[in-house]
Amino acid sequence: MIGENQDIVFIVWAYVGVGVATLGLIGWVWLQSRRVKHKLAALEAQGIRRRSAGSPT
Amino acid sequence: MAVDSTVSKPNWFSRLAHPGNFMGWSKPVLVPLAVVTALVFAVGLYYAFFNSPADYQMGETVRIMYVHVPNAWLSQFVYGVMFVASLGTLVWRHPLADVAAKAAAPLGAVFTAIALYSGSLWGRPTWGTFWEWDGRMTSTLILLFIYVGIIALWRAFDDQLRAARIVAVVTLVGALDIPVVKFSVDWWNTLHQPESIFTTTGPHMPMSLLTPLFIMMLAFTLLFVFLQFVAMRTEILRRRADSLGRQAAARGAA
């Protein structure tokens, strides 16, 4: 159980920093994924498709 | 029609790791994996804050270990993934190998940066300094520079297949730093404490501290697997988009 401690500030900064960096990493990966999916959707909307994707009906 | 019986069918791993198949089987895995990761994090954080004692020497600051050690572990594990993927690129020319290597590099860089950050915050109250140029810390900083260099190299090439081979060679050479990181605390008299978890004589730590540590290590490792899958899927789609972009440009030029 966490108690009164003069070093509490280091624990707080460690967890806050790790939390921000981890959430930032998750956000960055998600944003990259979203951006690429939008780009692909825009190309397919122009009628440009992979040969393996079949012809648009 | 004659059938060539010498042509063998691809094995299960080749089929599983084919980019098209990977896109198929990895999609339904993502949501359950995210849920399990979040649950393991919740349990790990509960143990870290409310169900583990203070250390007899370090006091409450031992709780920094629960975020520092998992990231330090991942800084080396992710490089191991890149190492195997680089072999896959150079030796087996596996189509998914360079995708895996490219996706892992930014993740490994962030985990390494977090390990350095949390380690320095742990070092100040326990050693009296944020930083010391000792073997473990310096070799981990070099590992971060190697990650950053590999990311820069990926971005320096338009031709990703050519980049993959060059990055693979650099990754294999850079792997020389991993044993230095791992064994630096044994080879040199460092400020960093010696190996106390994965030792030949077993962990030198009570179960009350090991339990939250292993749960948090599992949580961060699951997070890496989740992010790696998402990043690999993104990279495959990016290559498709680039290919379609070239196709569109060629159609426009014709």
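Let's start with helix 4 of chain B, residues 97–127, in this predicted model. At 1.5 Å a residue, its 31 residues should span 45 Å, and the end C-alpha atoms are 42 Å apart, which agrees. The expected span here is 1.5 Å times one less than the number of residues. Helices are DSSP runs of H or I with at least four residues, strands are runs of E with at least two, and both are numbered from the N terminus.

A word on conventions: residues count from 1 along each chain as its sequence is written, while chains are lettered from A and ligands numbered from 1 in the order in which they are written. As this is a prediction, local features need pLDDT of at least 70 and side-chain atom pairs count only at pLDDT 80 or more, whereas totals for chains, interfaces and linings use all residues.

Back to helix 4 of chain B. There is a bend of about 30° at B:Ala105, with a proline, B:Pro106, following within four residues. By bend I mean the angle between axes fitted to the seven residues ending at a residue and the seven starting there. After the helix comes B:Gly128, with a positive phi near 90°.

How many residues of this helix are buried? It is 25 of the 31, so helix 4 of chain B is largely enclosed by the rest of the structure. Buried means 20 or more other C-beta atoms within 10 Å of the residue's own, exposed means 12 or fewer, and partly exposed is in between, with C-beta atoms placed from the backbone.

Now the largest nonpolar core, which has 64 residues. A nonpolar core is a set of buried Ala, Val, Leu, Ile, Met, Phe, Trp, Tyr and Cys residues joined through C-beta atoms within 7 Å. Among the residues touching the most other members are B:Ala100, B:Ala101 and B:Ala104. Helix 4 of chain B gives the largest share of this core, 17 residues. Beyond its neighbours within four places in sequence, B:Ala101 has contacts that include B:Met82, B:Ala85, B:Val167 and B:Ala168. A contact is two C-beta atoms, placed from the backbone, within 7 Å.

Which residue stands out in the loop between helix 3 and helix 4 of chain B? That would be B:Arg93. Its phi is near 50°, a positive value in a residue other than glycine. B:Arg93 counts as exposed because it has 12 C-beta neighbours inside 10 Å.

On to the partner chain: 31 residues of chain B are in contact with 27 residues of chain A. On the chain B side, helix 2 (19–50), helix 4 and helix 8 (207–253) each supply at least two residues, and helix 8 brings the largest share, 13 residues. That side divides into 19 nonpolar, six polar and six charged residues. Here Ala, Val, Leu, Ile, Met, Phe, Trp, Tyr, Cys and Pro count as nonpolar, Asp, Glu, Lys and Arg as charged, and the others, Gly among them, as polar.

Helix 8 of chain B also holds B:Leu244, which counts as buried because it has 20 C-beta neighbours inside 10 Å. B:Leu244 and B:Phe220 are 24 residues apart in sequence and 36 Å apart in space, C-alpha to C-alpha.

To finish, the whole of chain B: eight helices and zero strands, with a C-alpha trace spanning about 75 × 40 × 35 Å along its principal axes. Of its 254 residues, 37% count as buried.
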